Amino acid sequence: MRRGRIFTARMPSYAGCGKRTSRRIYFVTEVSETVDTNGVVRAIQGADLLRKAGLRALPAVAGSNATEEARTLASREKVLLVTDGTMENLEAVQQGLNAGS
């Protein structure tokens, strides 16, 4: 069973003179038992749609496991991958987020 979800979070950032601010970020997440390349592509497309609407959005996929092709694509496209409670590509996703700030 596959279900797409959008989660929100507030990520701390610092603006001028060390003043801490937080901005809302939407995680467009595809969830399935086995993450495959189709789920990665759908997460990317969903995040792109929200960005076009002016929102800060990041793609993410989650499942019990992932195909090797999905892992490769998620890594290349900087998509957060969560399998069995372990996060992959987090540093690349954070760098992309900071670059888009």
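**Contacts, fold and salt bridges**

I began with contacts (heavy atoms within 4.5 Å): of those in the protein chain with a separation of 6 or more, 45% are between residues 24 or more positions apart.

I noted that this is a predicted model, where local features need pLDDT of at least 70 and side-chain atom pairs count only at pLDDT 80 or more, while totals for chains, interfaces and linings use all residues. Residues are numbered from 1 along each chain as its sequence is written, and side-chain values use heavy atoms, with hydrogens and water left out.

Next I looked up the elements, taken as DSSP runs numbered from the N terminus (helices: H or I, at least four residues; strands: E, at least two). I found 3 helices and 7 strands in the protein chain, in the order β-β-β-α-β-β-α-β-β-α from the N terminus.

For burial I used relative accessible area (buried under 20%, exposed over 50%, partly exposed in between; 1.4 Å probe, protein chains only). Of the 101 residues in the protein chain, 35% are buried.

Then I turned to salt bridges (a side-chain nitrogen of Lys or Arg within 4 Å of a carboxyl oxygen of Asp or Glu), and the structure holds 4. One of them pairs E30 with R42, with the closest N and O atoms 3.2 Å apart. E30 sits in strand β2 and R42 in helix α1, so this pair ties together parts 12 residues apart in sequence. E30 is buried at 14% relative accessibility, whereas R42 is partly exposed at 31%.

I also checked R71 and E88, whose closest N and O atoms are 2.2 Å apart in a salt bridge. This pair links helix α2 to strand β7, 17 residues apart.
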